[in-house]
Amino acid sequence: MFIEKAPEIDATPVKHGMWVYDDFDGDGLDYQCSACGRYTRQASNYCPNCGAKMDLED
Ligand SMILES: [Zn+2]
């Protein structure tokens, strides 16, 4: 019996987003992910929550 392997998908979909400055608790350190809405204090290149790449311009 011949078993045909399913083609591997090597391109993972990359979400794109940007950090939206939103000082929701008044300490001046908060950013919100435009892709998932998660707040963070460190605007890194990728969202640590949803993995969106932060390369969008506003
Ligand atoms: Zn996110």
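Reader: Where is the place of Q32?
Author: Q32 sits in strand β2. Keep in mind that this is a predicted model.

Reader: Is Q32 buried or exposed?
Author: Q32 is buried, because 20 other C-beta atoms lie within 10 Å. The cut-off for buried is 20 or more.

Reader: What does Q32 touch, not counting residues up to four places away in sequence?
Author: V20, D22, G37 and Y39. V20 also stands opposite Q32 in the strand pairing.

Reader: And how far is Q32 from C47 in space?
Author: C-alpha to C-alpha, Q32 and C47 are 9.4 Å apart. In sequence, 15 residues separate Q32 and C47.

Reader: Zoom out. How many helices and strands does the protein chain have?
Author: There are 0 helices and 3 strands. Along the sequence the pattern reads β-β-β.

Reader: What order do the strands take in the sheet?
Author: β1-β2-β3, in an open sheet with antiparallel pairing.

Reader: Which strands stand at the edges?
Author: β1 (19–21) and β3 (39–40). Each has a single partner strand, so one side of each is left without a neighbour in the sheet.

Reader: How many bridges join β1 to β2?
Author: 3 bridges, and the two strands run antiparallel. β2 covers residues 31–33.

Reader: C33 is in that range. Buried or exposed?
Author: C33 counts as buried, because it has 23 C-beta neighbours inside 10 Å. C33 belongs to strand β2.

Reader: What does C33 touch, leaving out residues up to four places away in sequence?
Author: G17, W19, R38, T40, C47, N49, C50 and A52. Take A52 from that list: C33 and A52 are 19 residues apart in sequence. Their C-alpha atoms are 8.3 Å apart in space.

Reader: Which residues make up the largest nonpolar core?
Author: W19, Y31, C33, C47 and A52, 5 residues in all. C33 also contacts W19, C47 and A52 from that set.

Reader: What share of the protein chain is buried?
Author: Buried residues come to 12% of the 58 residues.

Reader: And what share of the contacts with a separation of 6 or more comes from residues 24 or more positions apart?
Author: 28% in the protein chain.

Reader: Next, S34. Where is S34 found?
Author: S34 is in the loop between β2 and β3. S34 is partly exposed, because 17 other C-beta atoms lie within 10 Å.

Reader: What is S34 in contact with, beyond its neighbours within four places in sequence?
Author: G17, M18, V20 and L56. For the L56 pair, the C-alpha to C-alpha distance is 9.5 Å. S34 and L56 are 22 residues apart in sequence.

Reader: Where does V14 lie?
Author: In the segment before β1. V14 counts as exposed, because it has 10 C-beta neighbours inside 10 Å. The cut-off for exposed is 12 or fewer.

Reader: How far apart are V14 and K53 in space?
Author: 7.0 Å, C-alpha to C-alpha. In sequence, V14 and K53 are 39 residues apart.

Reader: Last topic, confidence. What is the mean pLDDT of the protein chain?
Author: The mean is 87, and 90% of the residues reach 70 or more.

Reader: Which element has the lowest mean pLDDT?
Author: β3, at 92. β2 has the highest, at 95.

Definitions and conventions. Residues numbered from 1 in each chain as written. Predicted model: local features only at pLDDT ≥ 70, side-chain atom pairs only at ≥ 80, totals over all residues. Helix = DSSP H or I, 4+ residues; strand = E, 2+ residues; numbered from the N terminus. Contact = placed C-beta atoms within 7 Å. Core = buried A, V, L, I, M, F, W, Y, C linked by C-beta atoms within 7 Å. Pairing = 2+ DSSP bridges. pLDDT = per-residue confidence, 0-100.
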